[in-house]
Amino acid sequence: MRCKWISLLVSVVLVASVAMLVAPKAAAQNTGDYRSKQTGNWGEAATWERYEGTAWVDATTAPTYTDGVITIRNGHTVTIVADVTVDQVVIEAGGQVTVNSGFTFSTNNGTGDELTIYGTFLHSGTVASTMNGTGVLASGGTYIHNTISSAKRMVDFFNAGSVAADSTFIYRGSLTLRPAMSMSGQTYGNLTFESTSGSWSTEALVGGTATTIKGNFTLGSGVTFNNNTLVGLNVAGNWTNNGTFTAGSGTVTFNGGTTQNLTLNTATTFNNLTVGSGTILVETVSTDNATVSALTNNGTIRKAKSVSGDSNTFGLAGGPINGANLNINVTAGSFTSIQVDRTDSNHANRTGTGENSGVGWGRYWTITPTGSGTVNLTLPANFTTGANSKVCRWIDGPGYGWDCAMTSYTSNTVTRNGVSSFSDWAAGNAGPTAITLSSLTAASPLPATLPVLSLIVLGGLAAAAALGIGAGLVRRRRG
Ligand SMILES: [Ca+2]
């Protein structure tokens with residue numbers, strides 16, 4: 001019996017402890033604070049409760065900026081159908097404030113931030129001529145600009161407070177409503193454009209300072225983003241286009257320094273597109289929907305797709321370079337997919353003095369298959385092609401080196417048939433005069449089928465001696 005009591009006691013203590021740990025931290029309330037009681041209009045007392053020092057009681061009047069903290073609670077929508085001036089408003093996650101068309105939402109610069117959004121704020125009304133104080137678009141919070149009234153004053157208001165990278169600012173329009181916008185020099189978390197019905201286009205955007213988008217840029221169906229002369233969009237998150245992006249003279253820079261998805265469900269032309277250092281820009285859609293006037297790739301551009309048949313291109317990851325694209329022609333095997341990573345810098349193990357007289361200059365591709373098989377690999381050639389042009393694979397480990405061969409070439413491509421091993425690939429001119437052999441060892445893993453004149457191994461020995469080693473390798477293989 002005593003054991004049972006002790007057991008029960010332990011259980012009660014445990015349950016209480018866990019409850020204390022998981023219970024959301026209730027904001028300390030002060031006399032005069034308000035909170036929503038239910039969904040309703042802002043101006044109706046029945047929408048609210050007021051803290052009277054010991055308990056929340058039904059409010060007898062609606063709150064204004066002269067009251068304390070005003071909290072819109074999870075599950076409640078409070079609608080503004082008469083002009084209001086507020087401060088210390090907190091919208092909980094799951095709560096919403098809606099400003100209806102025709103009514104003005106104003107702030108008074110009182111204690112702390114005037115408006116903190118964890119939930120949703122839908123502005124279909126009129127923005128005050130001055131948004132006093134600071135707004136906070138908090139983590140997970142959403143602000144929807146659904147009005148022709150000033151977006152700039154709202155964006156400035158949030159930028160004066162803080163904008164979380166995972167907050168969302170939505171420009172919501174329709175066939176009959178083009179919301180006002182503010183882009184140049186502004187900072188957003190996630191930035192989304194959407195249409196509730198029909199199509200709408202943004203104004204022709206202008207401005208000499210790039211827009212900072214700390215999260216994702218999403219262009220919804222039915223929306224045209226008219227970048228016009230807006231100088232730039234710096235995007236740290238993902239980019240999704242289900243609408244129309246009119247690039248104008250602007251630059252889109254992916255500078256998150258991490259993996260960023262480029263999801264183009266509609267054909268998209270960029271003017272300048274820059275991939276920042278450390279960023280892996282992943283093209284997620286199988287169809288090659290991206291066109292770029294000028295590409296600067298300081299990171300990696302990746303595309304993985306299922307492959308079959310003789311023409312598998314890889315979007316921006318595959319080109320175009322000098323008017324040509326990387327192409328993988330599957331001739332045998334059972335590939336599930338192939339991933340191509342494009343790097344537009346010199347390979348660490350480049351050889352020669354440039355693409356015209358060496359391999360691994362300017363760019364290379366890391367090709368990673370899922371499954372196995374044999375392909376004919378075509379690489380774009382940004383150099384003068386000829387009989388010495390090669391498609392080369394870098395082989396790591398003992399006997400490291402470039403394994404080079406060529407089956408055919410055009411003015412701007414080089415093709416190698418029968419490729420079944422994959423790692424880093426580059427093209428270049430690697431004829432006899434460009435070959436530098438230097439580091440072969442007896443443990444060389446280089447394939448026996450490798451033509452000696454296609455073998456480039458890096459190191460420091462003289463070319464003449466190296467060629468001797470190469471000849472030795474041929475003899476040994478034949479022996
Ligand atoms: Ca304030």
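Colleague: Is Val69 buried or exposed?
Modeller: This is a predicted model, and in it Val69 counts as buried, because 21 C-beta neighbours lie inside 10 Å, where 20 or more are needed for that label.

Colleague: Which residues is Val69 in contact with, leaving aside its neighbours within four places in sequence?
Modeller: With those neighbours left aside, Val69 is in contact with Asp33, Gln88 and Val90.

Colleague: Where is Gln88, then, and is it buried or exposed?
Modeller: Gln88 lies in the loop between S7 and strand S8 (89-91), and it counts as buried because it has 23 C-beta neighbours inside 10 Å.

Colleague: Which other residue has a positive phi without being a glycine?
Modeller: Asn228 is one, with phi near 50°. Asn228 is found in the loop between strand S23 (223-226) and strand S24 (232-235), and with 16 C-beta neighbours inside 10 Å it counts as partly exposed.

Colleague: Back to the loop between S4 and S5: what can you tell me about Ala62?
Modeller: Ala62 lies in that loop and is buried, with 20 other C-beta atoms within 10 Å. Not counting residues up to four places away in sequence, Ala62 touches Trp42, Gly43, Glu44, Ala45, Thr47 and Trp48. For Glu44, which is 18 residues away from Ala62 along the chain, the C-alpha atoms of the pair are separated by 5.7 Å.

Colleague: Let me step back. How many helices and strands are there in the protein?
Modeller: The protein has 4 helices and 44 strands. Of its 479 residues, 46% count as buried, and among contacts with a separation of 6 or more, 50% are between residues 24 or more positions apart.

Colleague: How are S4 and S5 arranged in a sheet?
Modeller: S4 and S5 belong to an open sheet of 8 strands with mixed pairing, in the order S4-S3-S1-S5-S8-S11-S14-S16. S4 and S16 stand at the edges with a single partner strand each, so one side of each is left without a neighbour in the sheet. Within this sheet, strand S1 (residues 34-36) and S5 run parallel and are joined by 2 bridges, and Arg35 stands opposite Thr71 in S5.

Colleague: What about the sheet that has S7 in it?
Modeller: That open sheet has 3 strands in the order S7-S10-S13, and the pairing is parallel. Strand S7 (84-86) and S13 each have a single partner strand, so one side of each is left without a neighbour in the sheet. On average, neighbouring strands of this sheet are turned by 25° against each other, direction ignored. S7 pairs with strand S10 (residues 104-107) in the parallel sense over 3 bridges, and Val84 has Phe105 in S10 as its bridge partner.

Colleague: Changing topic, which residues of helix H2 are buried?
Modeller: In helix H2 (residues 151-160), the buried residues are Ala151, Met154, Val155, Phe157 and Phe158. Seen down the axis of H2, they fall within an arc of 155°, so they line one face of the helix.

Colleague: And what do they pack against?
Modeller: The buried residues of H2 pack against several strands, including strand S12 (120-123), strand S13 (126-131) and strand S15 (142-145).

Colleague: Which residues touch the most other members in the largest nonpolar core?
Modeller: That core has 104 residues, and Ile117, Val391, Cys392 and Trp425 touch the most other members. The largest share of the core, 5 residues, comes from H2. Domain 1 (48-325) and domain 2 (329-478) both give residues to the core, so it lies between them.

Colleague: What is Val391 in contact with, beyond its neighbours within four places in sequence?
Modeller: Its contacts include Leu377, Leu379, Cys404, Met406, Val414 and Trp425.

Colleague: Last one: which peptide bond is cis?
Modeller: The bond from Gly319 to Pro320 is cis, with omega near 0°, and Pro320 is found in the loop between helix H3 (315-318) and strand S33 (327-333).

Technical notes
Residues are numbered from 1 along each chain as its sequence is written. This is a predicted model: local features need pLDDT of at least 70, side-chain atom pairs count only at pLDDT 80 or more; totals for chains, interfaces and linings use all residues. A residue is buried if 20 or more other C-beta atoms lie within 10 Å of its own, exposed if 12 or fewer, and partly exposed in between; C-beta atoms are placed from the backbone. Two residues are in contact if their C-beta atoms, placed from the backbone, lie within 7 Å. The arc is that of the directions from the helix axis to the C-beta atoms. A nonpolar core is a set of buried Ala, Val, Leu, Ile, Met, Phe, Trp, Tyr and Cys residues joined through C-beta atoms within 7 Å. Domain bounds come from an automatic or database domain assignment. Two strands pair if DSSP finds at least two bridges between them. Axes are lines fitted to C-alpha atoms, for helices over the stretch in contact, and angles run from 0 to 180 degrees between N-to-C directions.
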